[in-house]
Amino acid sequence: MQTEALIEGMNALGYKVANLSLRELSDGYDVFLERQKKAQFPFVSANIVWQDTGEPIVAPTTVVRMVVRDGAKIKDVRVGFIGLTRSDPAFLKAGPARRKIVTVDPLAAAEKNLPSLRQKGDVIVALVGMDLEQARQLPKRVKEIDLVLGGDSTPGKSAMGTRPDDFPEDTQFGRTRLMYAGDQGKMLGEVRLTFDGKGAIASTQRSLVQLTRQWPDEPKLAALMESVKVSI
């Protein structure tokens with residue numbers, strides 16, 4: 001019930017794309033396919049793959065065309081997304097016809113897929129579910145990324161986040177800016193991009209908002225939360 005509510009809530013919030021992580025496959029591939037049908041947004045992952053071919057089980061990347069605010073010098077911008085998650089050598093899931101699902105090195109998967117994505121998108125965003133230190137290695141190895149956004153959902157590890165006032169060596173790597181907003185939806189991470197007349201990023205502004213009780217509930221989502229509460 002909770003997973004169904006999460007998908008419904010993400011639909012209501014207007015999600016455009018989501019990174020596929022290992023948790024989405026915890027109940028098996030067939031269950032994931034049924035849940036995927038209810039999502040009004042695509043899942044992407046470049047390094048959760050079929051063991052026999054090495055091909056991703058979902059699209060590794062996608063491009064979303066987003067409208068820029070009225071009065072801007074450009075009308076829209078093409079945002080290219082790639083999904084990456086931590087590699088787990090012990091992860092093995094059964095698929096159809098006895099095929100197996102495994103993970104491969106996310107940095108190598110990024111190297112393979114990002115050059116073609118850069119040709120399709122004006123802005124490249126890596127959605128990642130991995131250790132923060134590994135995420136910092138990503139833009140050092142692959143230069144095509146503008147933003148690295150995500151968090152770490154490794155079981156047994158505390159959530160890690162970056163601060164908007166972090167030192168540049170922690171969150172800026174060449175053209176790439178990095179932002180982690182923790183987990184469990186307690187923090188809202190916001191990135192505002194300003195473009196020049198040619199569609200290139202002129203500036204980046206990041207902020208984190210703590211979702212405390214001072215923020216009123218959205219009625220539809222509050223009702224959705226109430227519907228899945230379980231008495232123990």
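This is a predicted model: local features need pLDDT of at least 70, side-chain atom pairs count only at pLDDT 80 or more; totals for chains, interfaces and linings use all residues.
**The cores**

The largest nonpolar core has 21 residues, and the members that touch the most other members are Leu84, Leu114, Val128, Leu138 and Val148. The most comes from α3, which gives five residues.

Val128 shows what such a position looks like. Apart from residues up to four places away in sequence, Val128 touches Asn19, Leu84, Ala135, Leu138, Val148, Leu149, Gly150, Gly151 and Tyr180. Leu84, Leu138 and Val148, which are among these partners, also belong to the group that touches the most other core members.

There is also a second, separate core, made of 17 residues, and Phe41, Phe43, Ile57 and Phe91 are among them.

**Strand β5 and its partners**

β5 is mostly covered, with eight of its ten residues buried. This strand pairs with β4 (residues 61-67) and with β8, as the table shows.

| Pair | Sense | Bridges | Example of residues |
|---|---|---|---|
| β4 and β5 | antiparallel | seven bridges | Thr61 and Ile82 |
| β5 and β8 | parallel | seven bridges | Val79 and Val123 |

In the second, Val79 stands opposite Val123 of β8.

**Two single residues**

Is Asn11 buried or exposed? Asn11 is placed in helix α1 (residues 2-13). Its relative accessible area is 17%, so Asn11 counts as buried, the limit being under 20%. When neighbours within four places in sequence are left aside, Asn11 is in contact with Lys38, Ala39, Gln40 and Phe41. Of these contacts, Phe41 is also one of the residues in the second core.

Trp215 lies in the loop between β13 (201-210) and α6 (219-227). Its relative accessible area is 44%, and Trp215 is therefore partly exposed, since this value falls between the limits of 20% and 50%.

**The surface patch**

Which residues form a nonpolar patch on the surface with Trp215? They are Leu188 and Leu211, and the patch of these residues and Trp215 has about 300 Å² of accessible area together.

Note on methods. Residues are numbered from 1 along each chain as its sequence is written. Side-chain values use heavy atoms; hydrogens and water are left out. A nonpolar core is a set of buried Ala, Val, Leu, Ile, Met, Phe, Trp, Tyr and Cys residues joined through side-chain atoms within 4.5 Å. Buried means under 20% relative accessible area, exposed over 50%, partly exposed in between (1.4 Å probe, protein chains only). Helices (H or I, at least four residues) and strands (E, at least two) are DSSP runs, numbered from the N terminus. Contact means heavy atoms within 4.5 Å. Two strands pair if DSSP finds at least two bridges between them. Patches are made of residues with over 30% relative accessible area and no salt bridge: like charges are joined within 9 Å, nonpolar side chains (Val, Leu, Ile, Met, Phe, Trp, Tyr) within 5 Å. Accessible areas come from the Shrake-Rupley method with a 1.4 Å probe; for residues, only the protein chains shown count as cover. A salt bridge is a side-chain nitrogen of Lys or Arg within 4 Å of a carboxyl oxygen of Asp or Glu.
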